[in-house]
Amino acid sequence: MSSGSAIRGSRVGSSPMRPDERTEPAPRRQVNYFCAAGHDSRIWFSAEAPAPDTWDCPRCGQPAGLDQERPPGRQRSEPYKSHLAYVKERRSEEDGAAILAEALAKLRQRRGRA
């Protein structure tokens, strides 16, 4: 049976609900990023960490940069490629014919046809 407290962790002896007043938060800084859609994103970084040149916009997902006047362009999504299209990028027609001939020769040898 519960002790009657509706909010978990709010009974006597639980940890404080707010940060401890005796500690200092780590130093940090705010960096503004701008995307081509006109969104302004404020991202917090550690004071010692260098800010990256680009950051994905949390609102539209496009790349955002530090320069408001010249934000990075929109990403172009590549059209869907089939497995065959990727194979054709890696192999020439002659390579494909040689591999097919080798595989057929092995298959015929296994089946007893020479």
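Tyr33 is buried, with a relative accessible area of 0%; buried here means under 20% relative accessible area, exposed over 50%, and partly exposed in between, using a 1.4 Å probe and protein chains only. The model is predicted: local features need pLDDT of at least 70, side-chain atom pairs count only at pLDDT 80 or more, and totals for chains, interfaces and linings use all residues. Residues are numbered from 1 along each chain as its sequence is written, and side-chain values use heavy atoms, with hydrogens and water left out.

A search of the whole structure finds three aromatic pairs. Rings of Phe, Tyr and Trp (its six-membered ring) pair if their centres lie within 6.5 Å; planes under 30 degrees apart count as stacked, over 60 as edge-to-face and the rest as tilted.

| Pair | Geometry | Centre to centre | Angle between planes |
|---|---|---|---|
| Tyr33 and Phe45 | edge-to-face | 6.4 Å | 70 degrees |
| Tyr33 and Trp55 | stacked | 6.1 Å | 25 degrees |

Tyr33 is in strand E1 and Trp55 in strand E3 (residues 54–56), so this pair ties together parts that are 22 residues apart in sequence. The pair with Phe45 also links distant parts of the chain, from strand E1 (residues 28–35) to strand E2 (residues 40–46), 12 residues apart. Strands are DSSP runs (E, at least two residues), numbered from the N terminus.

Phe45 is buried, as is Tyr33, whereas Trp55 is partly exposed at a relative accessible area of 32%. Tyr33, Phe45 and Trp55 form one aromatic cluster.

A further ring contact involves Arg28, whose charged end sits over the ring of Trp44, 4.2 Å from its centre. The criterion is NZ of Lys or CZ of Arg within 6 Å of the ring centre and within 35 degrees of the ring normal.

Technical notes: Helices (H or I, at least four residues) and strands (E, at least two) are DSSP runs, numbered from the N terminus.
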